[in-house]
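Subject: Structure for your review

Dear colleague,

Please find the structure below, followed by an account of what was found in it. I would be grateful if you read the text with the structure open beside you.

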Amino acid sequence: MTAQYDATAAMEIVNANAPGAACVDAGILFLEPERLVEAIEALRDSEESDLIFLSNLTAVDQELYFEIVYHLQSLDLNHILQIKARVTDREDPALPSLTGLFHGAHLQEREVYDLFGIRFEGHPDLRRMFLWDGFPGYPLRKDFLQMPGQVRAGLPGFPHESEENAWPVPGSVPQRPMHPNDPQPEGELVVAEEGEESS
Amino acid sequence: MTTADDTRLAMQGTIEALTTGDGSEPVVVNLGPQHPSTHGVFRLKVTLDGEIVQDAEMRIGYLHRSMEKLAEERTYTQNIPFTDRIDYLAAMSNNLAYCLAAEELLGVEVPPRANAIRVMFAELQRVASHAMANGTFINDCGAWHTPLFHMFRDRERVLDMFEMTCGARLTTNYMRIGGVAFDLPDELLPTLEQFLADMPENIANYEALLLENEILHARARGIGVISPEMAINSSLSGPVLRATGVPWDLRKANPYCGYEDYEFDVPVGEQGDCFDRFLVRMAEVKESLRILRQVVDNLPDGPWLADVPLHARPEPGESYARVESPRGELGFYLVSDGGPAPYRFHCRPPSLINLTALKEMSIGGTLADAIVTLGSIDIVVGEIDR
């Protein structure tokens, strides 16, 4: 079975080569975006971690920040490590490209750029991949468009269709709308008293 | 005053310039999006110097259906049919990978019979998908449809078995979170027994027809070569990686659904060229039949679906599950925020990532070789674009 590589051991390898570039929170390794390349290079070249195979690269829009998720695999030692990096700038999110380390990051980074609008600095061919140049917006962002039946807020239409369809003011942090699973505010529910007819 | 010799020398220089490419303009040729050799709506923009490929750039997105966005607004069970349409030639493997990721999030225990049925259909799917891959590859090499239709007879029988089990042939939607949708029908096992009895002879026929074929050797040997180091660095997986000699198979490395209980080998190639990819796929069909034999002989009784609520709400968290699909390492990365639908649904598509090295494989060869290389990677455009 493929073992999960210990995040603390990985943090020690990274911090020996790039002090302060890594930290561990709840068993997950987080890297500083500015020092991502040297940190992952240390993990790739270290004999203990030997993470030579970039299995997966994707992003998650967590609304207050973008989370870039890497899954790195060692073929000989058969373990996998999940690495995350966070970018808070929504107006022009950017972080270094891994294409210098892994050729396999090419198309995966282009996909993230296409669908999330996250720039990978140093990528040799960063263009839109599935959508055409000039497509308005980045679809996998949570504030892209209001989909039918969607519980989260989004735009009612594309920005070029009406002036009212404008994304949140650049630089402002979008507010996460109320989700049905969130703790409900107290005191708003009116519970019928015993004997009283509820409306 | 020019002499005849000067004229002759000047003409010779022009001819040399035209044939060696010095001073001549490169020609850009668009293969696709509607072209029989691109296996779907996929465009390859090739820059040619004479017959030699200088640059190959792919343009994709013609089949983009925004599945990852749509899946964020549907429940975990409602998302299973989407996975059929990601890779429509290996729907069972895609169902399986997604269900494994959802089960990891939900902490569901799958009954043993369901695991055996899943292995059975994943391997049948591999036989069908490799029949398609090898058949179209031979087609690209110039054998006009005869081997393709021989292999399609086997694929047809597999699809018949899918139809009798779940009613659909291509987009099966058969796996469920916690097991499979239906138990095996009574007529399936006799049909499968007959299939397993007939297949060794069919494979022997294909091997007699193709393995020594001079034209196939000339078209595929030494074409589209990639080194093992470059293949690992490019995140290639599946038969394309194994053809370079790297024995990386998730069924062995990270067994799921009880693959550790079955005996099978991981076939690898030696040279990492198109012919080795073809050989690896042929050998994998034989290994799949070996696994199928063991599944049929040790099929456990019992329930085939665990008790999972239809509108399951997993705890906030994330999961990344991978299977060895016919095309390579197929992964699903799910993020849950505690709601009824996944907060993020990502598919790690082996077809797309295997194309990373297409440019390196094609440059320096002829245009005809680039088509053979593309055929040997075995892409499914639905999975590339999603």
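Helices (H or I, at least four residues) and strands (E, at least two) are DSSP runs, numbered from the N terminus. This is a predicted model, in which local features need pLDDT of at least 70, side-chain atom pairs count only at pLDDT 80 or more, and totals for chains, interfaces and linings use all residues. Residues are numbered from 1 along each chain as its sequence is written, while chains are lettered from A and ligands numbered from 1 in the order in which they are written.

**A buried arginine in chain B**

B:R157 is found in helix α6 (residues 146-166) of chain B. Is B:R157 buried or exposed? A residue is buried if 20 or more other C-beta atoms lie within 10 Å of its own, exposed if 12 or fewer, and partly exposed in between, with C-beta atoms placed from the backbone. B:R157 has 20 other C-beta atoms within 10 Å, and therefore counts as buried. Between B:R157 and B:L192 there are 9.1 Å in space, C-alpha to C-alpha, although the two are 35 residues apart in sequence.

**Two helices that cross in chain B**

Helix α4 (residues 91-106) and helix α5 (residues 112-141) of chain B have axes that come within 8 Å and cross at roughly 140°. Axes are lines fitted to C-alpha atoms, for helices over the stretch in contact, and angles run from 0 to 180 degrees between N-to-C directions. Angles under 35 degrees count as roughly parallel, over 145 as roughly antiparallel, 65 to 115 as roughly perpendicular and the rest as oblique. α4(B) and α5(B) are therefore oblique to each other.

Two residues are in contact if their C-beta atoms, placed from the backbone, lie within 7 Å. On the α4(B) side, B:M92, B:S93 and B:L96 meet B:R118, B:F121, B:A122 and B:Q125 of α5(B). This contact consists of 4 nonpolar, 2 polar and 1 charged residues. Here Ala, Val, Leu, Ile, Met, Phe, Trp, Tyr, Cys and Pro count as nonpolar, Asp, Glu, Lys and Arg as charged, and the others, Gly among them, as polar.

**The open sheet of chain B**

In chain B, 3 strands form an open sheet in the order β1-β2-β3, with antiparallel pairing. β1 and β3 of chain B stand at the edges with a single partner strand each, so one side of each is left without a neighbour in the sheet. From one strand to the next, the twist averages 20°.

Two strands pair if DSSP finds at least two bridges between them. Strand β1 (residues 27-31) is joined to strand β2 (residues 43-49) of chain B by 5 bridges, and B:N30 has B:K45 as its bridge partner in β2(B). A further pairing, of 7 bridges, joins β2(B) to strand β3 (residues 52-59) of chain B. In β3(B), B:E57 is the bridge partner of B:K45, B:D55 stands opposite B:T47, and B:V53 stands opposite B:L48. The hairpin of β2(B) and β3(B) has 2 residues between the strands, and B:G50 takes a positive phi near 65° there. Helix α15 (residues 367-377) of chain B lies across β1, β2 and β3 of chain B, at about 150° to β2(B).

**A helix and its cover in chain A**

Which residues of helix α1 (residues 7-17) of chain A are buried? They are A:A7, A:A10 and A:V14. Seen down the axis of α1(A), these buried residues fall within an arc of 60° (the arc of the directions from the helix axis to the C-beta atoms), so they line one face of the helix. A:T8 and A:A16, on the other side of α1(A), are exposed. The cover over the buried residues of α1(A) includes β2 (22-25), β3 (28-31), α2 (36-45) and β6 (79-87) of chain A.

β2(A) and β3(A) pair in the antiparallel sense over 4 bridges, with A:L31 in β3(A) as the bridge partner of A:A22. In their hairpin, which has 2 residues between the strands, A:A26 takes a positive phi near 55°. With β6(A), β3(A) pairs in the parallel sense over 3 bridges, and A:L29 stands opposite A:I83 in β6(A). In a regular strand the side chains alternate between the two faces of the sheet.

**Where the chains meet**

The contact between the chains takes 29 residues from chain A and 31 residues from chain B. On the side of chain A that touches chain B, β4 (53-61), β5 (66-74) and α3 (105-116) of chain A each supply at least two residues. β4(A) gives the most, with 6 residues. That side of chain A divides into 15 nonpolar, 14 polar and no charged residues.

With kind regards
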